[in-house]
Amino acid sequence: MLPAAAFYILAASAVISAFMVVTARNPVRAVLFLIVTFFSAAGLFVLLGAEFLAMILVIVYVGAVAVLFLFVVMMLDIDFATLKAGSTGYLPLGGLIALVLAAQLALVGLAWVSADGAALQFQAPTPEDTHNIAALGALIYDRYVLFFQLAGLVLLVAMMGAIVLTLRHRDGVKRQDMHRQVNRTRAEAVDVIDVKRGEGIG
Amino acid sequence: MTTEMLLTDLRLMIPELMLAIGAMALLMLGAFWKGEAGAARLIMRLSIGLLILCAAAAVWMAGKAEGTAFHGALRVDDFILYAKTVIYLASAGALVLASKYLETERLAKFEYPVLALLAVTGMSVMVSSNDLITLYLGLELQSLALYILAAFNRDSLRASEAGLKFFMLGALSSGLLLYGASLIYGFAGATGFDAIAAAASEDGAKIGLLFGLVFMVSGLAFKLSAAPFHMWTPDVYEGAPTPVTAFYATAPKLAAMVLVARVLYEPFAAMTDEWRQIIVVLAVLSMAVGALGALMQSNIKRLMGYSSIGNMGYALVGLAAGTALGLWSVLFYMTLYVVGVLGAFAVILSMRRAEGMVEQIDDLKGLARTHPALGWSMTALMFSIGGMPFLVGFFGKLFVFYAAAEAGLWWLMLTALVFSTVSIAYSLRVVKVIWFDEPAGVFEPAPAGVALISRTAALATVALVPVAGVVLATAIAVSS
């Protein structure tokens with residue numbers, strides 16, 4: 001009874017806050033609602049018995065990604081109201097398509113039939129005798145090692161992309177060079193100039 | 001997983017390992033090599049060599065290596081190895097086209113070949129994927145690298161726009177694909193192709209699986225640039241640097257087509273009648289958009305964009321057959337298409353005047369008089385891509401149409417025939433400009449690599465005709 005109640009509360013808060021993310025006028029508010037969505041999803045993970053994923057979601061998405069979003073939104077000062085101004089023209093057609101899709105989804109949902117033995121085929125059932133992290137590790141570094149490595153390659157490409165598309169080498173920029181600064185000797189730092197009387201430094 | 005198991009699995013993915021490790025080694029080399037221009041040139045050459053080595057490895061594996069690796073996540077057989085060989089060679093050709101261009105346009109950075117290698121790794125994983133997760137990771141690896149290459153000329157507004165447009169629509173299509181994949185996983189209970197095939201052969205789960213499949217095919221159609229998911233194609237073709245366009249007009253198209261074919265033929269083989277409807281709609285729309293859109297273009301790169309949309313349509317006609325013959329016809333068609341398009345882009349890359357690159361169709365005026373070899377090459381290539389008898393492109397189309405007719409899709413074949421005649425019209429327009437208009441000026445001499453590819457591809461449109469004839473005759477003999 002209690003898990004069911006918790007599920008409905010969390011699911012409802014996830015859906016409502018996700019809706020608010022899209023409709024909020026103020027972008028800062030939208031990001032805050034996004035954080036609520038992440039928290040609700042983390043709660044759903046806990047209900048499913050995936051505590052580790054729930055914690056990761058909170059730490060990575062709430063702690064890092066959403067806060068980064070918040071910074072970007074605050075720094076860029078985007079006026080979402082003007083951005084959205086043109087979108088009302090597309091509302092009738094877009095809404096109609098969305099409605100048709102939703103109706104189709106509902107029809108399929110009503111006719112939901114899982115294949116025989118689908119539950120048995122689940123590739124990684126929630127483990128009973130070990131904790132989440134050990135179970136995930138055993139899967140990711142053994143059975144799914146290929147996926148893990150491929151995901152690493154995708155991240156490498158993303159990193160290269162960020163560097164290739166944004167890094168610029170500018171000439172004449174003074175940079176700190178610790179090694180050179182520390183190794184400076186008295187001879188190159190201090191110049192003793194013999195100033196002749198009556199002429200000054202010219 | 002024991003060491004022996006790991007080694008057996010790794011043996012099946014030798015080309016991918018070579019590519020991934022080679023790309024990372026070259027990245028390190030580039031990062032620590034003194035002097036940017038020298039590093040770019042060296043790494044470009046090494047990458048081309050690596051791709052040719054990979055093609056050799058794939059050829060060597062053919063007939064010897066067959067089976068699945070990593071608990072069924074990856075699959076290797078002769079069909080897949082053939083596709084991989086073509087992908088590696090086409091990518092090597094695209095890099096040859098790029099090397100001189102990048103230097104003259106001040107874009108020579110060592111990241112270009114490294115990103116191209118990573119994109120090829122992605123394509124390679126894509127074509128051998130045997131699991132929805134492998135499929136997605138391969139696709140994403142390939143597309144991310146291509147988005148970056150499209151925006152590689154970051155100081156050009158058009159290239160940045162092309163990259164951004166490509167990225168946005170690509171992200172949307174990945175979303176569609178993932179949504180479909182999650183629905184399929186929900187209905188089948190597994191992500192492996194074999195398990196999905198087992199679930200698809202049962203009656204009860206078909207509606208759910210079909211719903212997921214519709215989303216997945218829509219996502220893949222974006223990558224194929226099949227209508228109605230083609231909007232990005234002409235803009236990206238026009239905006240991206242020409243060698244980048246040449247790169248993704250060839251190998252990624254073939255990889256995406258092979259991927260679509262494998263998804264439809266392996267896990268969803270039991271649902272052929274259902275997915276045929278989707279493919280037929282995509283095919284007819286693509287042929288129409290490609291043929292009619294290409295008639296109105298004045299920019300040769302945009303023309304190639306529309307031509308690629310149309311050609312994807314013809315390939316889908318063969319796919320709609322749903323038979324083994326259809327599968328081979330698609331692969332054959334795509335191979336000939338890749339050769340033709342690579343040659344056509346080599347000609348486009350030769351269009352350099354003293355003031356810089358030009359890319360209008362009108363700039364080709366009188367090419368046959370000013371540069372006879374280039375004029376002949378472009379004529380042969382345009383006719384071959386358009387499907388004019390009796391160049392190889394015609395045999396590719398004939399094979400595809402034969403496969404469709406064999407499967408009883410007569411009206412689809414007739415529709416394709418009509419659009420095929422329309423598509424000859426735009427090739428004729430280019431050929432008319434080349435042969436009958438007053439020369440508009442001369443081009444600078446093309447770099448050796450570019451000239452070699454344009455001549456070889458043009459020769460291939462004629463020289464491959466006997467091969468195409470034999471393939472077609474064998475196919476007809478086997479099927480009847």
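Guide: Domain bounds come from an automatic or database domain assignment. For chain A that assignment gives domain 1 (1-80) and domain 2 (131-169). The model is predicted, and local features need pLDDT of at least 70, side-chain atom pairs count only at pLDDT 80 or more, while totals for chains, interfaces and linings use all residues. Residues are numbered from 1 along each chain as its sequence is written, chains are lettered from A and ligands numbered from 1 in the order in which they are written, and side-chain values use heavy atoms, with hydrogens and water left out.

Visitor: What separates the centres of domain 1 and domain 2 of chain A?

Guide: A distance of 24 Å, with the centres taken over C-alpha atoms.

Visitor: How do you know which residues of chain A are in contact with chain B?

Guide: Contact means heavy atoms within 4.5 Å. On that criterion, 32 residues of chain A touch 46 residues of chain B. Helices α5 (91-110), α6 (118-121), α7 (132-143) and α8 (145-166) of chain A each supply at least two residues of the side that touches chain B. Of these, α8(A) gives the most, with 15 residues.

Visitor: What is the area buried between chain A and chain B?

Guide: Buried area is the accessible area (1.4 Å probe) that two parts lose on being put together, summed over both. Between chain A and chain B this is about 3,500 Å², and carbon and sulfur atoms give 74% of that area.

Visitor: How do the residues on the side of chain A that touches chain B divide?

Guide: They divide into 22 nonpolar, six polar and four charged. Ala, Val, Leu, Ile, Met, Phe, Trp, Tyr, Cys and Pro count as nonpolar, Asp, Glu, Lys and Arg as charged, and the others, Gly among them, as polar.

Visitor: Why is the pair B:Asp155 and A:Arg168 called a salt bridge?

Guide: The term requires a side-chain nitrogen of Lys or Arg within 4 Å of a carboxyl oxygen of Asp or Glu. The closest N and O atoms of B:Asp155 and A:Arg168 are 3.2 Å apart, so the pair qualifies.

Visitor: Is B:Asp363 buried or exposed?

Guide: Buried means under 20% relative accessible area, exposed over 50%, and partly exposed in between (1.4 Å probe, protein chains only). B:Asp363 has 15%, so the residue is buried. B:Arg353, its salt-bridge partner with closest N and O atoms 3.5 Å apart, is also buried, at 11%.

Visitor: Which parts of chain B does the pair B:Asp363 and B:Arg353 tie together?

Guide: B:Asp363 lies in the loop between β4 (356-357) and α15 (367-370) of chain B and B:Arg353 in strand β3 (residues 352-353), so the pair ties together parts that are ten residues apart in sequence.

Visitor: What separates B:Glu161 and B:Lys165 in helix α7 of chain B?

Guide: About one helical turn, because the two are four residues apart in that helix (residues 157-188). B:Glu161 is partly exposed at 46%, and B:Lys165 is partly exposed at 28%.
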